[in-house]
Amino acid sequence: MKCINFDERFADFTAKWMKEHRGEYKTYDEMEDDLPRVYTEFLNMPAKWLDGVTPGAYFTQFEDAKDLVDWMVQYCQKDIPVPDMLMEQIQAVGRPCEKRLLTLLRDESDAIPEEARMTAIGLLRDMGSTLPKMLYIQWQMNREMKDDLADNALDSLRDMGKEALQPMLENLNKANEAGQEALLDVLANFPGHENVYQLAVRLFEKNPNRRALFASYLAKLGDPRALPILIAAANEENCHYMDFIELRAAIEELGLKDLTIAATSLGSAHDPIAAYIEQGKVVGIQTSGIRGKMGEVVSAGKLKTPAIIRSHGGR
């Protein structure tokens with residue numbers, strides 16, 4: 001199969017078009033805005049370099065799944081952009097191409113460029129295919145934290161939703177930590193599974209520098225058992241502001257109410273808690289000092305119970 005660079009052909013077509021029609025445009029922006037129409041004309045105009053076939057119809061002449069998918073691989077091997085029209089034809093052929101794309105992904109040889117694998121994953125996702133779900137889960141089992149191919153597959157697992165839920169749950173505890181974290185990113189959207197909740201809690205406690213991420217997972221899981229550890233983290237004096245914002249959102253999501261905050265001191269870093277006091281969600285405070293907005297709302301009598309101020313060391 002010949003790998004024609006359709007991008008170059010379109011660039012030549014556009015340059016010629018603009019030269020012939022530049023008098024019709026007042027500004028360069030107007031000309032640029034007209035490019036979609038120019039592209040449509042390019043697709044529908046018979047081309048000598050395609051023996052009179054239009055670019056838009058060229059790949060529709062081919063229906064063999066192996067030929068089409070192998071053609072896509074050849075484009076990647078030669079570092080030529082894969083034409084949209086070829087990918088559209090692969091999707092149009094449907095199931096036979098799904099199977100061929102899955103075969104490609106299972107091929108671990110160096111002959112398959114990563115770009116071809118990434119393209120195959122994208123095509124299968126656009127086709128709504130669930131055929132590769134077990135392969136994608138397998139890729140998460142011993143993955144590295146940074147793995148573009150596994151991340152792309154994870155996006156597809158997310159799109160598969162409940163179709164991939166049970167096998168992900170069954171394999172969650174078998175994965176390495178990077179794989180568990182990756183699967184958690186998807187499984188957090190499906191509350192009610194104890195092993196998922198326990199993993200989210202463990203990773204939250206183990207990774208203090210990434211609490212915002214795991215707090216968001218706990219919020220999605222909607223289990224109120226997570227409230228004490230979230231509140232304790234939010235009350236820490238050295239809690240970073242951005243972490244605090246995510247922790248606050250998670251606490252709100254899980255149903256914060258009638259809480260008493262016990263902290264060494266409360267300052268401007270804890271200003272967002274002032275809103276909870278005004279909303280009646282925080283009803284008590286025990287600390288050595290209150291400053292910032294919290295001090296203002298407490299001084300204004302908006303705390304439901306008297307604040308208890310204790311000096312350091314009981315002095």
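When two residues are said to meet on this tour, contact means heavy atoms within 4.5 Å. Keep in mind, too, that this is a predicted model.

**Stop one: α12 and α13.** Select residues 194-206 for helix α12 and 211-221 for helix α13; these two pack at an angle of about 155°, with their axes 9 Å apart. That makes α12 roughly antiparallel to α13, since angles over 145 degrees count that way. The crossing of α12 and α13 is left-handed. Now show side chains. On the α12 side, pick V196, Y197, A200, V201, L203 and F204; they meet R211, F214, A215, L218 and L221 in α13. Colour the contact by residue class and you get 10 nonpolar, no polar and 1 charged.

**Stop two: α7 and α9.** Next, select 114-126 (helix α7) and 148-160 (helix α9). What angle do α7 and α9 pack at? About 5°, with the axes 10 Å apart, and α7 and α9 are therefore roughly parallel to each other. From α7, highlight E114, R117, M118, I121 and R125, which meet D148, L149, N152, A153, D155, S156 and D159 in α9. Run the class colouring on this contact of α7 with α9 and it splits into 4 nonpolar, 2 polar and 6 charged.

**Stop three: the sheet.** Switch to cartoon and look for an open sheet of 3 strands, in the order β1-β2-β3 with parallel pairing. Strands β1 (259-262) and β3 (308-309) stand at the edges with a single partner strand each, so one side of each has no neighbour in the sheet. Zoom in on β2, residues 282-287: its pairing with β3 is in the parallel sense, over 2 bridges. To find your place there, select Q286, which stands opposite I308 in β3.

**Last stop: aromatic rings.** How many aromatic pairs are there? With ring centres within 6.5 Å as the criterion, the count comes to 15. One to select is F6 with F59, a tilted pair at 5.5 Å centre to centre and 45° between the planes. F6 sits in helix α1 (residues 6-21) while F59 is in the loop between α3 (35-44) and α4 (65-77), so the pair ties together parts that are 53 residues apart in sequence.

Terms used: Residues numbered from 1 in each chain as written. Predicted model: local features only at pLDDT ≥ 70, side-chain atom pairs only at ≥ 80, totals over all residues. Heavy atoms only, no water. Axes fitted to C-alpha atoms, helices over the stretch in contact; angles between N-to-C directions. Helix = DSSP H or I, 4+ residues; strand = E, 2+ residues; numbered from the N terminus. Parallel < 35°, antiparallel > 145°, perpendicular 65-115°, else oblique. Left-handed = near helix turned anticlockwise from the far one by under 90°. Nonpolar A, V, L, I, M, F, W, Y, C, P; charged D, E, K, R; others polar. Pairing = 2+ DSSP bridges. Phe/Tyr/Trp six-rings, centres within 6.5 Å; stacked < 30°, edge-to-face > 60°.
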